[in-house]
Amino acid sequence: MSRRDFFRASGLVAAGAVGGPALLGGLKKARAASPAKPAWDSRFSVCDICFNKCGLIARVEDGVVKKLDPNPKFLKSRGMLCARGNAGIAQVYDPDRLKHPLLRKGARGEGKWQRIPWDEALDMAAQKMVEVREKYTSCGHLFTAGTDLHTQFVSRFAEVYGSFNVTSHESLCLVSGSRAFLDTFGEVPFADVLNSKYIMMVGANRFEALVTPDSIDLMTAIHENGCKLVTLDPRYTKTAALSHEWYPVRPGTDMAFMLALAHVIINENLYDPQWVEEKTFGIEQLTAHVQPYTPGFAAEQCGIPAEDIARMARELAAAAPASMVYPGRRTSDYEDSTQIRRSFAIVNGLLGNWDKPGGLLAARQVGLKGVPYDAPWYDENQEDRIDAGKVPMMFEHEGSFLVTRDSVLADDPYPIRGWFVYKTNPMGTAPNRKKTIEMMNKMDFVTVVDIAMSDTAWMADLVLPSQSYLERTDPCSGLQGSVACACVVKRDPVIEPLYESRPLFDIMKGIASRMDLGEFFDFTIEEYREMQTREIPEALGVMDRDGVYYNPSKVYGIYDGRIYKTLSKKVELYNQRYEQMGLDPLPNYTPPAGPPKNQFRMVIGRNAMITQTSTANNALLHEFVPGNTLWLNTESAANLGIADGDLVEVASPVGRQELKAEVTDKIRPDTVFMLSGYNTLSTMQSLSHGNGASINELLDDDYDAITGNASMHTTFVTVTRKVA
Amino acid sequence: MAQQFAMVIDAAKCIDCKGCVAACKVANEVPEGQFRNWIKPTDVPVRPGPSNGTAKFQPGACMHCENPTCVAACPTGATYRDEETGIVVIDEALCIGCGNCIPACPYDARYRNAVTRKADKCNYCPERRAAGLPPACVDTCPTKARVFGDINDPQSAAGILFRKNKERLARVAAKTDTKPNMYYIGDPGPGAWGREAVVPASMVAMKESAPFIKGIVALSGLGVLAMLGRQLFAGSGSDHKEDTDA
């Protein structure tokens with residue numbers, strides 16, 4: 001007789017249970033090893049905790065999501081769900097969620113709100129939009145929307161309302177990188193990480209800033225497929241830790257490194273002459289251009305030994321075309337970030353790492369179609385966007401948030417007094433927060449639609465609660481999963497909407513119908529999906545069955561016998577259009593100014609447990625990242641008399657913040673780093689309010705000269721120990 | 001041969017994303033600030049240039065040991081090794097939350113659940129397995145660094161890996177050798193970090209003399225009630241030191 005049997009038999013368990021939480025449990029003959037199957041329903045959806053849209057299966061019991069699991073049939077995300085994906089539950093059931101429409105009662109940002117009914121809220125939103133249009137024309141209203149499957153309805157609304165002024169999050173993130181690759185290859189490529197034999201990871205952190213399938217494929221490539229991974233990063237990131245080689249490059253010198261790679265590849269004839277002759281434009285100009293950029297020159301700039309630079313150039317070339325300088329995603333770093341990324345693209349172009357296994361890939365066919373409409377014409381309107389013509393190569397449909405903000409503040413060339421924001425948080429993500437507050441104060445009326453009281457919502461006039469991704473019906477969306485797939489996804493509600501939340505589509509429809517624009521929203525999401533999938537009619541049924549529809553489209557050789565969408569119709573090492581516009585047709589390296597004595601360059605970045613401001617209030621993720629700290633090099637900290645965990649003040653030309661120092665060898669002595677998303681203004685973000693420091697309060701608001709993408713690595717700060 | 005459920009882990013594939021930890025917390029409703037599983041980073045000097053190639057992050061959890069010291073430390077038999085599956089199980093109905101088992105685990109895989117106030121640890125997600133799903137941590141892992149299954153079954157994913165890498169399999173050593181059933185392929189990263197198992201002397205004595213003093217065992221029931229009382233009045237904090245002398 002074991003002790004277990006004895007206690008069970010003697011009834012002591014029951015005695016033990018008296019007064020305990022399991023009043024009856026004690027008598028039950030429990031076999032913990034073989035419990036019953038859970039009573040959940042399984043429903044497909046797509047994650048929304050970052051932009052990746054990984055496939056998931058929601059386990060729902062009694063109308064409540066108990067667990068989010070990966071969809072094993074979802075190739076783009078390789079059947080995984082990261083910590084943030086798992087923490088989606090904490091976002092949906094966050095007690096801080098917006099529950100009903102709120103109208104500002106006190107001063108802007110004071111946090112006094114009045115609950116109002118939906119009808120009143122929509123009447124007011126529509127009436128204010130009409131007023132703004134009457135006073136300032138349609139372009140006097142700005143629309144800003146984040147990455148979301150409903151965002152297209154904000155764009156549609158703006159267009160039928162008559163405003164050209166639509167901005168997205170992308171000009172605080174990736175537009176300069178997209179520009180650079182578009183202006184080299186004629187399109188923005190995907191990376192065939194899985195089949196690559198040599199990956200140069202520069203200015204990207206793919207094992208922490210997860211991109212599917214790249215992050216997962218990167219591990220498969222280096223672990224199973226013999227791919228070599230080299231990382232250049234001023235921080236010893238987890239990507240750096242898992243790389244074959246890591247160099248703590250001096251921030252702002254990546255271009256010197258790339259031009260030196262090109263120097264070695266050209267001078268040692270390491271490229272395929274046939275590829276360069278037939279498919280590229282400008283090898284003569286590039287050859288002349290890279291002569292001064294020797295490995296020795298780059299070594300001085302980057303702090304990487306010259307012989308290593310030359311060796312890496314040879315290794316990268318030897319592995320070509322199954323090699324790549326990884327394009328990266330967020331490129332909002334310097335004022336010449338388009339030109340920096342052009343240098344990345346040029347090395348890939350030179351080596352022919354394109355349209356073949358292991359290199360960069362062209363976009364694949366997904367099969368979704370747009371849903372066209374004829375927007376009305378307004379005679380009384382401005383001629384163009386407010387940020388038009390201020391930088392030479394802005395993406396019109398993304399705009400530049402920073403250029404727009406400066407223009408709004410200066411009424412240049414015309415006033416904007418109304419602002420509608422959906423599911424993005426410029427107050428928490430755009431550098432120089434004080435200017436965003438000024439911009440808010442300039443507005444007659446601001447409406448924000450979101451699931452939580454973000455800092456942008458906190459400063460608004462009217463706040464409308466939207467549904468989370470697990471509560472609503474979404475249109476179809478096409479996804480490119482690199483070599484993994486080209487696919488289509490949709491979302492259907494897996495639970496009933498919480499509180500009084502409504503989907504953005506219904507909100508737009510409600511406002512439109514109050515402004516005689518109802519005809520542009522006279523459909524249901526289901527009907528919209530039918531229109532989107534009119535050429536792949538089987539897709540909707542397949543998505544119901546598998547949670548995803550795959551289009552079996554071509555992966556490689558898409559450009560066989562096809563011209564490139566550039567002026568020369570070839571891969572442009574030398575960009576002719578830039579030449580015509582007076583821009584550098586080949587990237588010219590300007591050494592970055594070093595931080596002045598006793599100052600540091602601030603860099604931003606991610607870890608795998610946060611998505612900027614949108615997860616700082618997530619209770620589950622908060623357990624992993626309870627706040628942000630200032631990464632400060634051990635030696636630098638000693639010089640300043642700062643110990644690990646000390647409270648420090650960080651001061652920049654535009655702001656001051658306090659947070660705890662994290663003294664570490666994982667960062668260069670001239671650089672500091674902190675995570676974004678913390679120290680929110682909004683007290684209705686109870687885990688991030690008053691917690692850590694706001695990086696966008698500190699960052700200066702420089703931007704890329706070509707695209708207007710924010711440059712977030714150009715701010716120098718002082719760090720001082722706070723005396724307790 | 002009986003089953004032996006186990007994990008075969010390739011620590012070199014772990015990117016420390018915490019997906020497994022988050023998935024476990026949700027699947028098992030693990031209270032705030034408590035964890036059933038972990039990823040331990042290797043503390044190596046930061047050096048630019050070529051890497052020395054050692055694994056940097058080590059996923060782990062209860063190792064479902066062959067010689068589970070936690071079982072020896074349990075006064076009620078709530079913690080036992082299931083003969084059928086080789087899984088070390090906590091029968092919640094029998095657990096009195098005395099906390100003896102917590103220091104008895106050299107890998108600190110156990111904690112007293114702040115809500116149920118009972119011993120808690122990884123149980124390989126039995127509800128999920130009943131539904132035909134892998135444990136939550138295994139299912140969610142981006143790089144599939146964690147592989148779970150019956151290592152005695154040559155057809156199972158874990159069994160295949162186990163056999164294929166037989167020569168290179170490593171275990172994380174502890175000062176008390178409990179023969180863990182958590183196998184790492186090649187370099188497990190952080191080395192022999194397991195401490196000594198701390199089993200209350202009274203429990204050891206009781207276990208050794210058990211065959212002839214069943215009557216005394218009955219008396220220990222009174223002690224159990226006393227411990228239960230103490231548990232009910234004790235704070236719910238995770239500090240278990242007060243229990244080590246029980």
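So, Ser407(A): that residue sits in helix H16 of chain A, residues 401-410, where helices are DSSP runs of H or I, at least four residues, numbered from the N terminus. Ser407(A) counts as buried because its relative accessibility is 2%, and buried means under 20% relative accessible area with a 1.4 Å probe, protein chains only. Leaving out residues up to four places away in sequence, Ser407(A) touches Ile386(A), Asp387(A), Lys390(A) and Asp412(A); contact here is heavy atoms within 4.5 Å.

Quick housekeeping. This is a predicted model, with local features needing pLDDT of at least 70 and side-chain atom pairs counting only at pLDDT 80 or more, while totals for chains, interfaces and linings use all residues. Residues are numbered from 1 along each chain as its sequence is written, and side-chain values use heavy atoms, with hydrogens and water left out.

Okay, domains. Chain A is divided into domain 1 (190-361) and domain 2 (600-721), with bounds from an automatic or database domain assignment. Over C-alpha atoms, their centres are 28 Å apart.

So what is between domain 1 and domain 2 of chain A? About 2,000 Å² of buried area, with carbon and sulfur atoms giving 54%; that's the accessible area (1.4 Å probe) the two parts lose on being put together, summed over both. On the domain 1 side, helix H15 (residues 337-351) of chain A gives the most, with three residues. Contacts link 22 residues of domain 1 with 25 of domain 2. Salt bridges, meaning a Lys or Arg side-chain nitrogen within 4 Å of an Asp or Glu carboxyl oxygen? The count between these domains is zero.

Note on methods
Chains lettered and ligands numbered in written order. Helix = DSSP H or I, 4+ residues; strand = E, 2+ residues; numbered from the N terminus. Buried < 20%, exposed > 50% of the residue type's maximum accessible area, 1.4 Å probe, protein only.
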